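I opened this model to look up some of its helices and strands. My entries follow.

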Amino acid sequence: MAIAAAGAACVVFVLLGLLVYRAVAASTAVQFDELLQQQATLALRYADHEYGEGDTVVPPAPAAAFPPSMPFDVIYQIGTRSGQVLYRSPRAPAAPLTAGEGPGCTNVALGGRWWRTCSLGSRSTPLVIHMAEPLDYRAALLSRTMRAVAVPLSFALVLLTVLIGLVTERAFRPVRRIAAELAERRDDDLSPVNTAEMPVETHGLGVALNGLLARQAEVLARERRFTADAAHELRTPLASLRVQAQVAARAGSAAERRSALDKLQANIDRTTHLMSQLLSLSRLEPGSSFTPGQVTEAQRVVDLVVEDLAPGARDKQVAIAVAGCHHLVPGSPEVLYLLLRNLLENSIRNVSPGGRVALEVAAGDRNVVLTVSDNGPGIPRTERARAFERFYRIPGSAAGGSGLGLSIVGRIVELLGGEIELAAPAAGTGLVVRVTLKMSPQPQARSAA
């Protein structure tokens with residue numbers, strides 16, 4: 001950054017030098033022209049006086065050859081409007097310095113050099129005076145002036161470059177300190193960096209970095225808890241599988257072996273279900289692929305969920321009723337499938353044989369409400385706040401399960417930016433789960449399930 005700032009300063013100073021050169025050149029040219037005109041005015045007054053005395057000017061000078069190299073001095077000619085030269089200075093050429101009698105200044109080439117010529121005509125006599133000055137004289141004076149200006153500009157440029165380097169080095173010293181500190185940290189050290197000494201320009205960077213570290217620390221802590229809980233929950237079913245396999249291997253009769261194998265199959269099913277829920281929950285963790293703004297037709301997802309849960313519902317003789325599934329629901333088909341499957345599966349598992357489970361989809365102007373109700377034992381009011389914790393089971397619950405169903409539901413609702421509520425039905429026992437999802441003002445195209 002210091003190099004870029006120094007380069008920018010150099011560009012600015014170069015442009016400044018060009019502007020100063022143009023300004024000084026224009027100013028000196030005007031001043032020299034005014035001086036020539038003043039000299040021409042004085043000489044013309046003298047010539048008018050002499051011409052009025054005797055209709056002539058001072059005696060003509062000897063016609064000397066125009067030297068190829070003239071010193072830096074002023075030459076002039078006095079003539080008539082018809083172009084006749086009556087008098088000329090010692091180094092002036094015999095030919096007219098400029099054509100015409102009109103007043104003004106112009107550049108002419110004489111003897112291989114350029115001259116600035118100013119002409120002035122008399123109002124009372126037919127005299128015209130041409131006053132000329134070599135342009136290289138002006139260029140030399142302008143060059144000396146610009147060299148005098150270039151010295152302080154160059155010194156200021158060098159000083160400014162040094163100051164830019166010093167200020168930049170001091171401003172980014174805290175950033176380099178933070179970079180060195182982060183490079184020496186352990187992989188699991190996500191403590192915030194010290195932003196107290198950072199300047200205002202980089203303080204926002206430090207605050208944003210601390211925010212990122214805090215979020216990463218939260219994600220890491222959540223993953224550690226998830227791994228520890230998953231390892232704890234898998235230890236029991238795996239041990240049970242081992243015991244059932246040993247019992248089946250040591251069975252003395254076919255009936256005993258069959259009973260052990262049936263228990264082994266049931267444990268395998270429970271372990272498979274637990275693993276499926278763990279994988280579903282891991283896909284909903286931060287960093288997973290999730291596209292907000294999608295909408296899905298509820299009927300297609302509901303049909304798929306009911307079809308998958310139908311065998312288990314038939315085994316328990318549980319009736320599943322659905323209503324209002326023609327509405328659009330915010331979310332992708334995969335996310336809504338996990339949401340509805342876990343809600344309905346949780347209700348089917350907890351109701352008694354012959355019970356009922358109902359799903360209703362209601363759409364408003366700005367939101368969609370998914371309501372799943374059952375006539376099972378429900379969840380006590382004091383336990384509803386912990387129902388969404390991972391691997392948490394309601395004390396005294398007779399239904400099996402891993403304690404992950406409502407955790408998955410809560411995470412999905414959080415990703416969709418909605419709200420979830422657990423309540424009891426108006427009459428009887430059971431549980432009512434009400435999920436409110438907000439509709440986007442301009443939803444994307446429908447997603448196919």
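I took helices (H or I, at least four residues) and strands (E, at least two) as DSSP runs, numbered from the N terminus. The model is predicted, with local features needing pLDDT of at least 70 and side-chain atom pairs pLDDT 80 or more, while totals for chains, interfaces and linings use all residues. Residues are numbered from 1 along each chain as its sequence is written, and side-chain values use heavy atoms, without hydrogens and water.

I then checked burial, where buried means under 20% relative accessible area, exposed over 50% and partly exposed in between (1.4 Å probe, protein chains only). In α8 (residues 405-415), nine of the eleven residues are buried, so this helix is largely enclosed by the rest of the structure. Among the buried residues I noted Leu 406, Ile 408, Val 409 and Arg 411.

Strand β10 (residues 367-374) has six of its eight residues buried, so β10 too is largely enclosed by the rest of the structure.

Next I traced the partners of β10, counting two strands as paired if DSSP finds at least two bridges between them. Strand β9 (residues 356-363) pairs with β10 in the antiparallel sense over seven bridges, and Ala 358 has Ser 373 as its bridge partner. Three residues lie between β9 and β10 in this hairpin. β10 also runs antiparallel to strand β12 (residues 431-438), joined by eight bridges, and Val 372 stands opposite Val 433 of β12.
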